[in-house]
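Here's a quick briefing to read alongside the coordinates. Have the viewer open, and start with the overall picture before zooming in on individual residues.

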Amino acid sequence: MWMGQGLIQPSQQKEEMENIGNQYLDELLQISFFQDVEFHPIGARIFKMHDLVHDLALLVARPDCSTLNFDCKNISTKVRHVSMLEVDWPEEEEEKVPRFFGKLNKNIRTISFPNIVDGPRSESFVGSCILRFKYIQVLDLQKSSFKALPNSICYLKLLRYLDLSDNRHIKRLPNSICKLHHLQTLILVECESLEELPRHIETMMSLRLLIVTTQQIALPPQALGKREVKVGTRCFNSLHNLCLADCNSLESLMGGMGTFTTLTTLIIDGCPRLSLLSKHLPALETLAIMRCESLDLELGNKNGEKEDDIRGFGSLRNLMLSVLPKLEILPKWLIQGLTSNTLLCLFIERCDNFRALWQDEESPSPSSSVFLEGIDHLIALRQLKIQYCPQLSAFPEKMGNLSALTHLTIKGCPELVNRCKRGTGEDWNKIAHVLDLYICNYNDSDEESGLILSNQLVERVKKWRNRAFSNCQIALFKDGSMRRSTNFNIEALKFVDLV
């Protein structure tokens with residue numbers, strides 16, 4: 001939305017706007033404008049804002065930005081960005097909406113409904129926006145229930161951000177939407193009745209973020225190579241972020257994904273029929289695949305044949321794999337390809353049949369429930385998190401070769417957890433070099449049996465004990481408190497973590 005409102009300007013060094021936006025966020029965090037940041041495994045960040053800072057921001061933003069409702073009478077002509085307070089859409093839509101629009105300046109840039117439960121019901125609302133607000137840049141129509149978007153949407157020449165999420169009734173978008181040459185963000189998630197994306201959507205020259213739920217079997221034919229693509233045709237060449245969510249009919253992302261030359265983030269969630277993934281994503285940095293029961297990560301060609309020479313993931317830095325029943329070992333393209341030199345974070349969760357990160361060439365099958373010798377190819381890996389993979393039972397001897405690994409989490413893998421007990425476990429020496437360890441063998445509801453260890457802090461505590469506290473030990477608990485005791489041994493600490 002920042003991009004849509006023109007708040008992010010490209011730098012002279014042609015730096016990507018997403019990176020500039022992240023720099024803005026970092027600066028706001030440093031001055032405590034935002035606080036309590038939470039990091040998602042795939043790179044997303046969640047912030048909180050203190051009430052006083054929020055009130056100050058509202059004060060400074062006036063009169064350009066204003067929160068209104070349909071019954072407001074005196075509205076400043078200087079208002080450019082409108083956030084509606086309504087939770088329920090007015091019953092008298094045909095009467096209230098035009099009257100409210102008449103009070104707004106024609107130069108409105110933003111209309112959003114952040115709290116709405118039941119959004120616009122008819123095309124007339126969108127039609128009114130198009131007729132009156134020619135300069136609008138951000139249009140948030142989430143949770144609406146109209147069945148079609150008017151063809152006249154193409155007249156909003158400056159539109160950069162369009163949110164139609166959670167519209168359960170819309171079936172198609174007009175092809176005229178592809179004429180919105182400044183549109184950067186299109187959000188169609190939870191549009192469960194959407195039959196297909198507009199034809200030629202891949203030619204939209206400014207589209208950077210696409211989040212979609214659709215009934216399509218595949219992306220448009222031009223992107224899938226089902227018919228000849230003319231020389232010079234653009235195929236999502238501006239797209240940086242793509243999220244496919246709950247696309248129950250989607251079967252393949254083969255062929256056409258090779259044209260996504262600028263794609264840096266791909267998130268696939270809840271696509272149960274998806275079976276093959278493209279192998280040509282040279283700029284991809286973050287890949288998250290969740291709840292795809294049919295997906296085979298051993299990438300194939302159009303005939304479904306496996307290919308060993310996979311070189312299209314040379315920029316991948318973050319990989320998240322969750323609820324993938326077919327995943328038994330990590331594929332060769334991840335371990336042996338260019339990705340093995342770039343991957344920084346690997347997160348594997350709830351893959352019931354996952355048995356090993358890699359199968360050595362000499363091994364006849366992946367039946368051995370161990371991390372096999374190919375793991376030492378992941379020379380750049382810094383963070384490894386494995387949760388609820390019960391078939392995984394041991395680490396390889398070469399685990400110590402992962403010299404860049406500083407964070408290791410093992411949770412809900414009973415045999416592996418037992419082998420990694422501090423000082424006594426069979427695999428402890430293989431992971432002793434890792435600075436930050438989080439090892440636990442409890443269910444979601446049983447927090448008390450968790451074991452959090454930080455080698456760095458344990459060594460620091462030992463030094464403190466020897467120097468000043470010869471008869472006591474120190475534990476830093478999860479609630480932030482530091483406690484001393486003479487009743488437990490340093491090797492038996494249950495909760496130790498870095499500040």
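What share of the 499 residues in the protein do buried residues make up? They account for 48%. Keep in mind that this is a predicted model, with a mean pLDDT of 77 and 74% of residues reaching 70 or more.

**Overall layout**
- The protein has 9 helices and 22 strands.
- Take the contacts between residues at least 6 apart in sequence: 56% of them join residues at least 24 apart.

- Nonpolar side chains tend to be buried together in soluble globular proteins.
- Here, the largest nonpolar core has 105 residues, and L149, L287 and L330 have the most contacts inside it.
- Helix 4 (residues 123–132) contributes the largest share of this core, namely 4 residues.
- Leaving aside residues up to four places away in sequence, L287 touches L266, L277, F313, L316, N318, L319, M320 and W333.
- Another core, of 12 residues, lies apart from the largest one, and its members include I211, A288, M290 and M320.

**Strands 17, 18 and 19**
- Strand 17 (383–387) and strand 18 (407–411) pair in the parallel sense over 5 bridges.
- Strand 18 also pairs in the parallel sense with strand 19 (residues 436–440), again over 5 bridges.
- H407 turns up in both pairings: it is the bridge partner of Q383, and its own partner in strand 19 is D436.
- Why is strand 18 largely enclosed by the rest of the structure? It is because 4 of its 5 residues are buried.

- Y388 is not a glycine, yet it has a positive phi of about 55°. This residue sits in the loop between strand 17 and strand 18 and is buried, with a relative accessible area of 13%.
- H200 is not a glycine either, and its phi is positive at about 75°. H200 belongs to the loop between strand 8 and strand 9 (209–212) and is partly exposed, at 36% relative accessible area.

**Salt bridges**
- The whole structure contains 13 salt bridges.
- K96 and D71 meet through their side chains at 3.2 Å, N to O. K96 is in helix 3 (residues 93–103) and D71 in the loop between strand 3 (65–68) and strand 4 (81–84), so this pair links parts of the chain 25 residues apart. D71 is partly exposed, with a relative accessible area of 48%.
- R168 and E190 form a salt bridge at 2.8 Å, N to O. R168 is in the loop between strand 7 (161–163) and strand 8, while E190 is in the loop between strand 8 and strand 9, so the pair ties together parts 22 residues apart in sequence.
- R168 is partly exposed at 34% relative accessibility, and E190 is partly exposed at 34%.
- A network of salt bridges links D166, R168, E190 and E192.
- K430 and D427 form a salt bridge at 3.0 Å, N to O, and both residues are buried.

Notes. Residues numbered from 1 in each chain as written. Predicted model: local features only at pLDDT ≥ 70, side-chain atom pairs only at ≥ 80, totals over all residues. Heavy atoms only, no water. pLDDT = per-residue confidence, 0-100. Helix = DSSP H or I, 4+ residues; strand = E, 2+ residues; numbered from the N terminus. Buried < 20%, exposed > 50% of the residue type's maximum accessible area, 1.4 Å probe, protein only. Pairing = 2+ DSSP bridges. Core = buried A, V, L, I, M, F, W, Y, C linked by side-chain atoms within 4.5 Å. Contact = heavy atoms within 4.5 Å. Salt bridge = Lys/Arg side-chain N within 4 Å of Asp/Glu carboxyl O.
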